[in-house]
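Colleague: I am new to this structure and would like a short tour. Could we go through it together?

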Amino acid sequence: MDHSGHGMDGMTMDLPPFTLGRGLEFSADPFFLVGCLLGLGLYGWGVLRLRRRGDAWPAGRTVAWAAGVLSIALVMNTQLNDYGMVMFSVHMIQHMVISMLSPILLLLGAPMTLALRALPPAGRGRGKGPRELLLMLLHSRYMRVVTHPAFTIPMFIASLYGLYFTPLFDTLMGSKAGHIAMMVHFLMVGLVFFWPIMGVDPGPHRPGYIMRMLELFAGMPFHAFFGIALMMATEPMVSTYADPPASLGIDALSDQTAAGGIAWAFSEIPSVLVLIALIYQWYRSEQRTAKRADRRADRDGDAELEAYNAYLASLQTRGR
């Protein structure tokens, strides 16, 4: 039997009623524990490599990345993951955090930019090294497709309606590998959705700021409607959570209503965070553009002054 609320043979393990303190108790999922440690370790290696050669790396990006990794650890390496196997509301917290909060924080950490700066280039005659392969991936046709809004927005929507309102969710929840694959899918969908909108890293699809805002708000209403549909349902809509263990002391329909409320609320919170980040990035971009224009004007002004001085000198020479 698995250590979580559901055994993979379909049997359940009794869990005491859920409380926040109990939910935050450590309960390791080996896959996500190793992944989080690798994420922190590799990022730290990149920052140290830059520091040792005298290059700066913004502390805010390091904090954002660490917060993103820790947010994944919070929902996947605590008893939130155990309760998420038997409580729809707790599972929805996991889903919303790992698909809408963690990706935003990770992208603000600019991991691709760090990797491109930290990885050594391949020497002459040595073929392509990790840095060159990463550049090829970032500029590949595959990345142009998966970061285009014609792909990211439908995928973002399908991850809700196509998963929870079909038997696919119950199938994935029936095995440990399926559950891990689903959570990794949530994370990846969030990354490819938010990357073109507010990611700091370079990417093949990077529209103007107005278009980025439109992309952001194009998917959010569907997210809110999904939450409302769960809240308004008169019967359990997901078989996995239709019969919760008696030890939890919860009603399946009330728990589903709470899950819908969580999904609805999370359609607003990340939108505000991303909008703030977009406005700040837009402001910084305008500031850089203005500085470049000022420097260009200074250079042009100096050139005009030099030309005018040369003209006066030539007049003086003629007068003599």
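Predicted model: local features only at pLDDT ≥ 70, side-chain atom pairs only at ≥ 80, totals over all residues.

Colleague: Which ring does the charged end of R61 sit over?

Modeller: The ring is that of W57, and the charged end of R61 lies 5.0 Å from its centre.

Colleague: How many aromatic pairs does a search of the whole structure find?

Modeller: The search finds 14 aromatic pairs. One of them joins F31 and F32, with ring centres 5.2 Å apart and planes at 80°.

Colleague: Why is the pair of F31 and F32 edge-to-face?

Modeller: Planes over 60 degrees apart count as edge-to-face, and the planes of F31 and F32 are at 80°, so the pair falls in that class.

Colleague: What about F88 and Y164, how are their rings arranged?

Modeller: The pair of F88 and Y164 is tilted, with 5.9 Å from centre to centre and 35° between the planes. This pair links distant parts of the chain, since F88 is in helix α5 (residues 88-108) and Y164 is in helix α9 (residues 149-164), 76 residues apart. F88 is buried at 1% relative accessibility, and Y164 is buried at 1% as well.

Colleague: Which residues form one aromatic cluster with F88 and Y164?

Modeller: The cluster also contains Y161, F165, F169, F226 and Y241.

Colleague: A change of topic: where is T147 found?

Modeller: T147 is in the loop between α8 (141-146) and α9. This residue is buried, with 1% relative accessibility. A polar atom of the T147 side chain lies 2.6 Å from the backbone oxygen of M143.

Colleague: And is I276 buried or exposed?

Modeller: I276 is exposed, with a relative accessible area of 53%, and belongs to helix α14 (residues 269-319). The C-alpha atoms of I276 and M198 are separated by 9.9 Å, although the two residues are 78 apart along the chain.

Colleague: What is the volume of the largest pocket, and which residues are closest to its centre?

Modeller: The largest pocket holds about 830 Å³ of space. Of its 28 lining residues, L106, M112, L187, M188 and L191 are closest to the centre. Helix α11 contributes the largest share of the lining, eight residues. The lining has 24 nonpolar, three polar and one charged residues.

Colleague: And what lines the second largest pocket?

Modeller: The second largest pocket is lined by 21 residues, with L108, V200, A277, Y280 and Q281 nearest its centre. Its volume is about 590 Å³. Here α14 gives the most to the lining, with eight residues. By class, the lining has 12 nonpolar, four polar and five charged residues.

Notes: Residues numbered from 1 in each chain as written. Heavy atoms only, no water. Phe/Tyr/Trp six-rings, centres within 6.5 Å; stacked < 30°, edge-to-face > 60°. Helix = DSSP H or I, 4+ residues; strand = E, 2+ residues; numbered from the N terminus. Buried < 20%, exposed > 50% of the residue type's maximum accessible area, 1.4 Å probe, protein only. Lys NZ or Arg CZ within 6 Å of the ring centre and 35° of its normal. Polar contact = N/O pair within 3.5 Å; in protein donor to acceptor, adjacent residues only side chain to side chain. 1 Å grid on protein atoms, 1.4 Å probe; cavity = no way out; pocket = protein on both sides within 12 Å on 5 of 7 lines; lining within 4 Å. Points joined across faces, edges and corners; volume = space filled by probe spheres on them. Nonpolar A, V, L, I, M, F, W, Y, C, P; charged D, E, K, R; others polar.
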